[in-house]
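I wanted to know which charged side chains pair up here, so I opened the structure and went looking for salt bridges.

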Amino acid sequence: MPQATTEVTSIVNSFSEIWNRHDMAAFVELFASDAEFVNVVGLWWKGKEEIRGPHEFTHSTMFKNSRLTILDTVIRFPVQTIAIARSKWLLEGHVIPDGASLPPRNGILVNVLAQISCTCKIIDLQNTDIIEGVISRPQ
């Protein structure tokens, strides 16, 4: 599936390239019309318009000068027409509402992509911050 892997990689890279241009009209075109998106604080958006609105707002404010870098992506195909792409990311240049700079953040994007009408689209996305030093079970 080298061609499919190349297409998925292209979409994952486009996610960060479009983010860095702050072009939310192009950003939302990466998604299927009924896509779902859960952001790093657990907000759950359903459909392209619900995904677009908050991103347009944050890219005119806290993410206006942000830069997203995809560090590493692993792709697997549980079935031929579905891909799961997990990407580690780095976000820099974002601010709090009063304009004060925030430190860089790291996280993981989980994109589920499907072949829809001869093109690959994101059908589901989960974004998670990595918080160093936090454990989930007693030692």
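Below are my notes on the salt bridges.

Entry 1. I'm working on a predicted model. I started with the total, and the count comes to five salt bridges.

Entry 2. I looked up Glu29 and found a salt bridge to Lys48, with the closest N and O atoms 3.2 Å apart. Glu29 sits in the loop between helix H2 (24–28) and strand S1 (31–38) while Lys48 belongs to helix H3 (residues 48–58), so this pair ties together parts 19 residues apart in sequence. Glu29 is partly exposed, at 40% relative accessible area. Lys48 has 18% relative accessibility and counts as buried, because the cut-off for buried is under 20%.

Entry 3. Next I went to helix H3, where Glu56 and Arg52 both lie, four residues apart, or about one turn of the helix. They form a salt bridge, and I noted 3.7 Å between the closest N and O atoms. Glu56 is partly exposed, with a relative accessible area of 39%. Which residues are linked with Arg52 in a network of salt bridges? I found Glu49 and Glu56 there, joined with Arg52.

Entry 4. Last, I turned to the strands. The side chains of Asp129 and Arg105 meet in a salt bridge, at 3.0 Å from N to O. Asp129 is in strand S6 (residues 119–129) and Arg105 in strand S5 (residues 105–116), so here the tie is between parts 24 residues apart in sequence. I have Asp129 down as partly exposed, at 25% relative accessibility.

Key:
Residues are numbered from 1 along each chain as its sequence is written. This is a predicted model: local features need pLDDT of at least 70, side-chain atom pairs count only at pLDDT 80 or more; totals for chains, interfaces and linings use all residues. Side-chain values use heavy atoms; hydrogens and water are left out. A salt bridge is a side-chain nitrogen of Lys or Arg within 4 Å of a carboxyl oxygen of Asp or Glu. Helices (H or I, at least four residues) and strands (E, at least two) are DSSP runs, numbered from the N terminus. Buried means under 20% relative accessible area, exposed over 50%, partly exposed in between (1.4 Å probe, protein chains only).
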